[in-house]
Amino acid sequence: MRIVITGNMGYVGPVVAAHFRECFPDAELIGFDSALFAQCLTTPDAFPERVLDRQVFGDVREFPADLLTNTDAVVHLAALSNDPIGVRFEKQTDEINNIASIRIAAAAAKAGVSSFVFASSCSVYGMAEGGPRKESDTLLPLTAYAKSKIATEQGLKQLAAPSMTITCLRFATACGQAPRLRLDLVLNDFVATALATGQINVLSDGSPWRPLIDVEDMARAMEWAATRRGANGDRFLAINAGRDDHNYQVVDLAEAVADAIPGTTVSINRDALPDLRSYRVDFGLFAKTAPDHQPQVSLSRSIERLIEGLNAAVQDHHQVLPSRTKRLAVLEKLIDTGRISDDVRWLN
Ligand SMILES: NC(=O)c1ccc[n+]([C@@H]2O[C@H](COP(=O)([O-])OP(=O)(O)OC[C@H]3O[C@@H](n4cnc5c(N)ncnc54)[C@H](O)[C@@H]3O)[C@@H](O)[C@H]2O)c1
């Protein structure tokens with residue numbers, strides 16, 4: 001079996017690669033990434049890409065279709081991945097996240113790939129008052145990032161790919177320990193800030209809902225999606241990936257972190273304007289469809305592993321630099337130092 005994982009050198013990718021290596025010891029695993037964040041390792045452990053058989057460097061906007069020959073599954077993670085980046089790089093967010101994704105999926109279908117897994121996001125629900133969102137509910141994307149994910153889902157649905165199973169996993173917000181840790185994610189940020197300052201300042205009134213999923217559980221969901229055999233009209237599936245009891249309000253997350261790190265104080269901004277990005281998500285379909293691949297990592301375990309990971313990464317928690325752990329800051333630095341263009345392409 002040959003599996004191509006795009007965007008494998010970011011936050012989620014190394015955890016997916018390690019999980020796939022464990023589940024499919026004999027598979028040929030190929031990574032494809034433009035290496036924007038390759039230098040952002042936050043673990044003193046071994047280089048995460050060592051579990052792959054091959055690492056290919058390139059831009060998904062010029063994806064080499066011949067990489068798909070004899071490939072069984074494509075796990076497509078490559079993206080400009082978060083809301084602030086979507087504001088700064090709106091055009092590129094569409095080109096990379098949407099247009100390139102459809103092109104790669106079309107090439108995969110043509111090459112006879114059996115499974116295409118797309119990392120979508122629950123942010124497609126935007127502001128969603130009135131109960132947990134199901135897959136069939138109205139979508140209300142508020143950002144360029146969320147819009148790019150919906151556009152890709154729609155393009156994938158329309159693709160003429162009669163023998164390729166396509167799964168769009170609408171992931172909850174990611175959290176948890178990984179070799180290239182991100183601190184622009186709510187739980188990870190709270191843990192790092194609490195360790196560095198003993199204080200968590202919640203910028204909102206703490207009420208917004210965020211479903212969370214640990215990166216290890218994202219990998220489990222992708223394993224399911226890469227191996228499921230679509231039949232009976234469900235060759236294309238867009239499905240929420242997470243679990244019902246992992247819908248949290250931001251204040252609950254801050255308090256869970258404060259409980260785990262003694263001495264941490266939590267302050268809430270009671271005067272904040274309402275945060276529009278609030279949604280609860282119904283993961284019932286995922287529970288029914290993928291019963292053996294349900295999220296297993298509890299919130300307290302994610303926090304515990306983040307603390308362990310950050311303690312191993314740095315001696316002084318003030319040393320956790322944004323230029324290594326916050327995606328927009330990494331890209332801005334690469335532009336400022338003349339390494340990448342405004343179009344997010346390598347210059348040298
Ligand atoms: N982190 C989350 O909360 C979350 C939630 C839901 C879905 N997702 C999705 O999961 C996927 C992985 O997320 P992540 O957190 O690891 O993101 P990330 O930003 O850490 O990693 C993305 C990877 O894609 C690569 N990439 C970006 N542009 C590229 C290009 N033009 N050509 C080739 N490679 C390119 C980057 O170099 C990076 O290694 C993304 O599609 C993201 O949208 C993430």
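Colleague: Which element gives the most to the lining of the largest cavity?

Modeller: In this predicted model, local features need pLDDT of at least 70 and side-chain atom pairs count only at pLDDT 80 or more, while totals for chains, interfaces and linings use all residues. Residues are numbered from 1 along each chain as its sequence is written, and side-chain values use heavy atoms, with hydrogens and water left out. The lining, made of residues with an atom within 4 Å of a grid point, consists of C175, L212, I213, D214, D217, H246, Y248, V297, L299 and S302, and the elements that give two or more of these residues are β10 (209-214) and α9. Among elements, which are DSSP runs numbered from the N terminus (helices: H or I, at least four residues; strands: E, at least two), the one that gives the most, with three residues, is β10.

Colleague: How much space lies in the largest cavity?

Modeller: A cavity is a set of points on a 1 Å grid over the protein atoms alone where a 1.4 Å probe fits but cannot get out, and a search of the whole structure finds one of 30 Å³ or more. By class, its lining has six nonpolar, two polar and two charged residues, where Ala, Val, Leu, Ile, Met, Phe, Trp, Tyr, Cys and Pro count as nonpolar, Asp, Glu, Lys and Arg as charged, and the others, Gly among them, as polar. Taking volume as the space filled by probe spheres set on grid points that are joined across faces, edges and corners, the space in the largest cavity is about 60 Å³.

Colleague: Which element gives the largest share of the lining of the second largest pocket?

Modeller: Of its 22 lining residues, V15, A178, P179, E216 and R305 lie nearest its centre, and the elements that supply two or more lining residues are α1 (13-23), α6 (215-227) and α9. By class, this lining has eleven nonpolar, four polar and seven charged residues. The largest share, five residues, comes from α1.

Colleague: Why do α5 and α9 count as oblique to each other?

Modeller: The contact, meaning heavy atoms within 4.5 Å, between helix α5 (residues 186-197) and helix α9 (residues 299-313) has their axes 10 Å apart, the axes being lines fitted to C-alpha atoms over the stretch in contact, with angles from 0 to 180 degrees between N-to-C directions. Angles under 35 degrees count as roughly parallel, over 145 as roughly antiparallel, 65 to 115 as roughly perpendicular and the rest as oblique. α5 and α9 are therefore oblique to each other, since they pack at an angle of about 50 degrees.

Colleague: How many charged residues does the contact of α7 with α9 have?

Modeller: The axes of helix α7 (residues 250-260) and α9 come within 10 Å and cross at roughly 55 degrees. The two helices are therefore oblique to each other. L253, A256, V257 and A260 of α7 meet L299, I303 and I307 of α9. By class, this contact has seven nonpolar residues, no polar ones, and, as for charged residues, none.

Colleague: Is the crossing of α1 and α6 left-handed or right-handed?

Modeller: The axes of α1 and α6 come within 9 Å and cross at roughly 55 degrees, which makes α1 oblique to α6. A crossing is left-handed if the near helix is turned anticlockwise from the far one by less than a right angle, and right-handed if clockwise. By that convention, the crossing of α1 and α6 is right-handed.

How values were computed:
On a 1 Å grid over the protein atoms alone, a cavity is a set of points where a 1.4 Å probe fits but cannot get out, and a pocket is an open set with protein on both sides within 12 Å along at least five of seven lines; lining residues have an atom within 4 Å of a point.
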